[in-house]
Amino acid sequence: SLDNDKKLEMVVKFDKEVSRCIKLLEELEGVVGRKKDVSQQVKDAREAISSGERTMSEITNTNTTLKRQQATVMDKFQRLEHQASLKMEAAVSFVEEQLKSREAVEAE
């Protein structure tokens, strides 16, 4: 009977240990599941960051191109303004010369 009591005690201890191991495995499954979720979130965040960096690079390149184009247009505009100013001066001078010639012809 003493032998049976010891066997029963061992079976009860073993059963408790098995139950404890099962509980630990269930907890581990939960932790692994949460780790997978967090890993996916990290992966998604990294992809979003990479996408944002690509977009930022494209915007920066576009901005640089637009600034270059703006500088070119401004240079052309300034040249045209200068040419217009020279033509205006030439036209004024021409008109003044014509008026002087007319006055001289009329004075004769």
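Is Glu17 buried, partly exposed or exposed? Glu17 is partly exposed, at a relative accessible area of 40%. On this scale, buried means under 20% relative accessible area, exposed means over 50%, and partly exposed lies in between (1.4 Å probe, protein chains only).

The model is predicted: local features need pLDDT of at least 70, side-chain atom pairs count only at pLDDT 80 or more, and totals for chains, interfaces and linings use all residues. Residues are numbered from 1 along each chain as its sequence is written, and side-chain values use heavy atoms, with hydrogens and water left out.

The protein chain contains one helix and zero strands. Both are DSSP runs, numbered from the N terminus: helices are H or I with at least four residues, strands are E with at least two. Helix H1 covers residues 2-107. The C-alpha trace spans about 160 × 15 × 10 Å along its principal axes. The radius of gyration of the protein chain is 46 Å, whereas a compact globule of 108 residues would have one near 13 Å. This radius is taken over C-alpha atoms, and the globule rule is 2.2 Å times the number of residues to the power 0.38. Spacing along the chain can be followed through one pair. Glu58 and Val31 are 27 residues apart in sequence. Their C-alpha atoms are 40 Å apart in space. Glu58 lies in helix H1 and is exposed, with a relative accessible area of 52%.

Of the 108 residues of the protein chain, 0% count as buried. The protein chain exposes about 10,200 Å². Carbon and sulfur atoms supply 59% of that area. Accessible areas come from the Shrake-Rupley method with a 1.4 Å probe; for residues, only the protein chains shown count as cover.

The protein chain carries 19 positive and 21 negative charges. Their mean positions are 10 Å apart. Lys and Arg count as positive and Asp and Glu as negative, while His and the chain ends are not counted. The place of a charge is NZ of Lys, CZ of Arg, CG of Asp or CD of Glu.

Three salt bridges are present (a side-chain nitrogen of Lys or Arg within 4 Å of a carboxyl oxygen of Asp or Glu). One joins Lys13 to Glu9, at 3.9 Å from N to O. These residues are four apart in helix H1, so about one helical turn separates them. Lys13 is partly exposed at 48% relative accessibility, and Glu9 is partly exposed at 47%.

Another salt bridge links Arg20 with Glu17, at 3.3 Å from N to O. Both residues lie in helix H1, three residues apart, about one turn of the helix. Arg20 is partly exposed at 46% relative accessibility.

Glu106 and Arg102 also form a salt bridge, with their closest N and O atoms 3.3 Å apart. The two lie four residues apart in helix H1, about one turn of the helix. Glu106 is exposed at 56% relative accessible area. Arg102 is exposed as well, at 53%.

A nonpolar patch lies on the surface. Its members are Leu25, Leu28, Val31 and Val32. Together they have about 340 Å² of accessible area. Patches are made of residues with over 30% relative accessible area and no salt bridge; like charges are joined within 9 Å, and nonpolar side chains (Val, Leu, Ile, Met, Phe, Trp, Tyr) within 5 Å. Leu28 is found in helix H1 and is partly exposed, at 48% relative accessibility.
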